[in-house]
Amino acid sequence: MNIAQKSTFTKAQIWFLASMGLVLGLRELSMTMLNPFISIYGETLKWSTPLLCGLALGIYGLTNAIFQLPYGSWSDKIGRKPVILVGLAQLGFGLLLAFFARNIYMLIVARALQGSGAVMAIAYSWIGDDIENDKKSSAMGIAGVIVAICAVIAFVVGPLLYNIISVRHMFLWCAVLITCSFLLILCFVKEQRQPGENTAISGLKEQMKLLLVQKRVLFLSLCSFIINYQNSELFMIVPTTLKNTIGASNMWMVFLPAILCGIFAMKFTTALSDRGFYVLVSCATFILMLLAWVILIPHGLVFTTAGTILSLTGFMCLTAGVPSEINKLVSKENRGAANGILQTMTFLGFFFGSTVAGFFIQINLKLFNYLIPIILTSIGCIVSKQCSLAAK
């Protein structure tokens with residue numbers, strides 16, 4: 001079978017992937033639109049400090065990490081659809097609460113509630129359930145491209161909206177987008193597994209014992225932690241630099257080319273991964289991100305732009321590739337739990353990246369915010385190689 005045949009999807013699969021991609025895309029649009037402004041907006045709230053602003057950005061990742069495992073395992077038992085609906089409802093309520101926030105602590109609580117709507121592991125598991133192994137990377141890539149397009153829209157529309165409405169009202173409009181996602185899943189996406197069908201082998205504890213002995217699951221999850229740590233730091237460092245150079249309303253001039261480059265690169269990396277070259281793609285991507293953080297050190301608009309483009313391009317390549325590899329490794333009955341482990345590490349990376357960055361900014365040790373991602377991306381290269389050795 002040639003590559004073109006392997007990448008062919010049925011009409012039902014195309015509709016399913018488009019629907020899931022749109023749901024994840026609207027979620028990405030709502031959160032990405034806000035990410036560059038969380039630290040800036042936090043500075044305007046009562047009782048704000050750099051550390052608390054970093055916590056407001058990052059606590060979304062912490063609560064998301066906490067809920068990924070139980071929600072993933074829960075979806076193995078009762079089905080993907082009902083758990084995704086619960087998670088989207090929590091995210092929507094969190095965005096609405098942020099609209100009413102008047103101090104930094106209320107914003108932190110709202111962001112925590114947003115994070116508790118942990119749907120990524122379930123969405124990837126659902127795609128893994130319905131798509132064959134030799135198409136999984138391409139399937140993740142389709143969903144990833146839709147998400148990336150929504151991210152492009154977010155990076156363009158966000159700064160434009162920033163000139164028209166307040167960040168508070170951006171939270172409100174994002175809650176409307178999540179409501180649309182909820183209705184799309186509720187009314188138009190059907191799960192193949194019958195309600196109440198229990199395919200999980202056992203409880204969450206037993207699933208964890210089975211999955212955690214698989215080194216490749218652990219290595220891939222660590223890779224996800226690394227790319228999300230450095231990406232979260234990027235959203236603490238770059239917006240401040242751009243605000244002081246081209247202004248917050250013009251951030252799209254940097255982020256838009258970065259996302260477009262990421263989409264272009266993702267098209268090739270997902271195809272290579274499906275052909276069995278994931279380890280090569282992963283190693284090359286980590287080297288690219290390492291270079292990006294070296295370039296970011298001198299500051300300045302040119303260095304910031306180049307570093308952001310390289311970093312986000314690498315991030316987008318692996319953010320589709322890593323879940324695909326996880327879904328190829330585990331059986332359907334434990335796929336939710338496995339993706340739960342992956343997404344727990346993913347959002348822990350997001351939490352620690354922004355929170356640690358805020359801490360180093362507050363104590364005036366900003367250089368560490370560049371050294372740590374450089375060290376972590378170097379480790380990522382080693383871990384990627386270990387994924388190959390663990391498979392033998």
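## Cavities

The structure has 2 cavities of 30 Å³ or more. It is a predicted model. The volume of the largest cavity is about 650 Å³.

A total of 34 residues line the largest cavity, and those nearest its centre are E28, V147, N228, F315 and T319. Several helices contribute to this lining: at least two residues each come from α2 (11-42), α6 (120-130), α7 (136-164), α10 (215-245), α11 (252-274), α13 (301-329) and α14.

## The largest pocket

The largest pocket holds about 370 Å³ of space. Its lining is made of 18 residues, with M236, I237, T240, I361 and K366 lying nearest the centre of the pocket.

Which helices each supply at least two residues of the lining of the largest pocket? They are α2, α3 (50-78), α10 and α15. Helix α10 gives the most to this lining, with 6 residues. Both α2 and α10 also supply at least two residues each to the lining of the largest cavity.

Is F359 buried or partly exposed? With a relative accessible area of 40%, F359 is partly exposed. A residue has to have over 30% relative accessible area to be part of a patch, and F359, at 40%, is above that cut-off. Helix α14 also supplies at least two residues of the lining of the largest cavity.

## Cysteines

How many disulfides does the structure hold? The number is 0. For C283, the closest cysteine sulfur is that of C381, and the distance of 6.0 Å is too far for a bond. Seen from the other residue, C381 is in no disulfide, and its nearest cysteine sulfur is that of C283, 6.0 Å away.

Is C381 buried or exposed? The relative accessible area of C381 is 18%, and C381 is therefore buried, since buried means under 20%.

Terms used
Residues are numbered from 1 along each chain as its sequence is written. This is a predicted model: local features need pLDDT of at least 70, side-chain atom pairs count only at pLDDT 80 or more; totals for chains, interfaces and linings use all residues. Side-chain values use heavy atoms; hydrogens and water are left out. Buried means under 20% relative accessible area, exposed over 50%, partly exposed in between (1.4 Å probe, protein chains only). A disulfide is a pair of cysteine sulfur atoms within 2.5 Å. On a 1 Å grid over the protein atoms alone, a cavity is a set of points where a 1.4 Å probe fits but cannot get out, and a pocket is an open set with protein on both sides within 12 Å along at least five of seven lines; lining residues have an atom within 4 Å of a point. Grid points are joined across faces, edges and corners, and a volume is the space filled by probe spheres set on the points. Helices (H or I, at least four residues) and strands (E, at least two) are DSSP runs, numbered from the N terminus.
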